[in-house]
Structures are given as C-alpha cells and as structure tokens.
Amino acid sequence: MDKQTQIELEAAAFRTLLAHLDKRKDVQNIDLMNLTGFCRNCLSKWYLAAAEEQGLEMNYDQARERVYGMPYDEWKVKYQQEATPEQKAAFEKSHKHD
C-alpha cells in the first residue's frame, strides 16, 4: 500500500470514529476512560498535537470542537452527566499510578 492510500484510510477511519462517537453521546468520557484509557478529550489533544506538528495554528478549544462536533462547553451542557460513584471508583482503580 502506498503512503497516500494509507493516510486516506487512516483519515477515513478517524472520521468514522468521530461520527460513531457523535451518535453515542450517551457514552460519557469517564466510561471511555474506564474501558479504553482514552476519551474525546484525549482525541482532541492528539488532533491538536498533529496540527502543531504540521505547523498549523490551532488551540485546544478548536481541536475539541472538531472532535465534539460543537463547542465543548455546549456539549457539556447538553450531554455530559455527573459521574456516578461507581464510575468514579472505576476511574480511580484503573488510573492509579504505582
């Protein structure tokens, strides 16, 4: 596979991931963190880092808007729920630093 095809496939997979997360707004970031070790905010940081590596000017809010499909503050108001004690305990357990 040539490099350009690989880049296009990876970009398509990323767009599909964002579309899937957009459809699953019921899945909270803490759930993603507890199960996978990353969340929408992590994707935003990776997107921002990639932009910076390319010499593009972008800030974290712009990167999060790309991942969330809207300004982060708007997404929080509309979709973010308070983490349950069980979610918080799972997060603490899975993210302990020894």
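**Entry 1: helix H3**

I began with the buried residues of H3, and I found them packed against helix H1 (3-23), helix H2 (29-36), H4 and H5. I took buried to mean under 20% relative accessible area, exposed over 50%, and partly exposed in between (1.4 Å probe, protein chains only). The buried residues of H3 are Arg-40, Asn-41, Cys-42, Leu-43, Ser-44, Leu-48 and Ala-51. I then checked the length of helix H3 (residues 40-53): at 1.5 Å a residue its 14 residues should span 20 Å, and its end C-alpha atoms are 20 Å apart, which agrees. The expected span here is 1.5 Å times one less than the number of residues in the helix. After H3 comes Gly-55, with a positive phi near 80°.

**Entry 2: what I am looking at**

I noted that this is a predicted model, in which local features need pLDDT of at least 70 and side-chain atom pairs count only at pLDDT 80 or more, while totals for chains, interfaces and linings use all residues. Residues are numbered from 1 along each chain as its sequence is written, and side-chain values use heavy atoms, with hydrogens and water left out.

**Entry 3: the whole chain**

I counted 6 helices and 0 strands in the chain. Helices (H or I, at least four residues) and strands (E, at least two) are DSSP runs, numbered from the N terminus. The C-alpha trace spans about 45 × 35 × 25 Å along its principal axes. Of the 98 residues in the chain, 28% are buried. I looked up contacts, meaning heavy atoms within 4.5 Å. Among those between residues at least 6 apart in sequence, 46% join residues at least 24 apart.

**Entry 4: the UniProt record**

I found residues 27-93 listed by UniProt, in an unreviewed entry, as "domain: SMc04008-like". UniProt positions are given in the numbering used here, feature names are shortened, and annotations may be inferred rather than shown by experiment. In the model this span is 72% helix and 0% strand, and its end C-alpha atoms lie 19 Å apart.

**Entry 5: the nonpolar core**

I looked for nonpolar cores, that is, sets of buried Ala, Val, Leu, Ile, Met, Phe, Trp, Tyr and Cys residues joined through side-chain atoms within 4.5 Å. The largest has 9 residues: Leu-18, Leu-21, Val-27, Leu-32, Met-33, Cys-39, Cys-42, Leu-43 and Val-67. H1, H2 and H3 are the elements that give two or more residues to this core. I followed Val-67 and found it in contact with Leu-18, Arg-40, Leu-43 and Ser-44, leaving aside its neighbours within four places in sequence.

**Entry 6: salt bridges**

I found 5 salt bridges in the structure, each a side-chain nitrogen of Lys or Arg within 4 Å of a carboxyl oxygen of Asp or Glu. I went through three of these pairs.

Asp-26 pairs with Arg-24, with the closest N and O atoms 2.7 Å apart. Asp-26 is partly exposed at 46% relative accessibility, and Arg-24 is partly exposed at 36%.

Asp-61 and Arg-64 meet at 3.7 Å, N to O. Both lie in helix H4 (residues 60-68), 3 residues apart, about one turn of the helix.

Glu-74 forms a salt bridge with Lys-78, with the closest N and O atoms 3.1 Å apart. Both lie in helix H5 (residues 72-79), 4 residues apart, about one turn of the helix. Glu-74 is partly exposed, with a relative accessible area of 34%.
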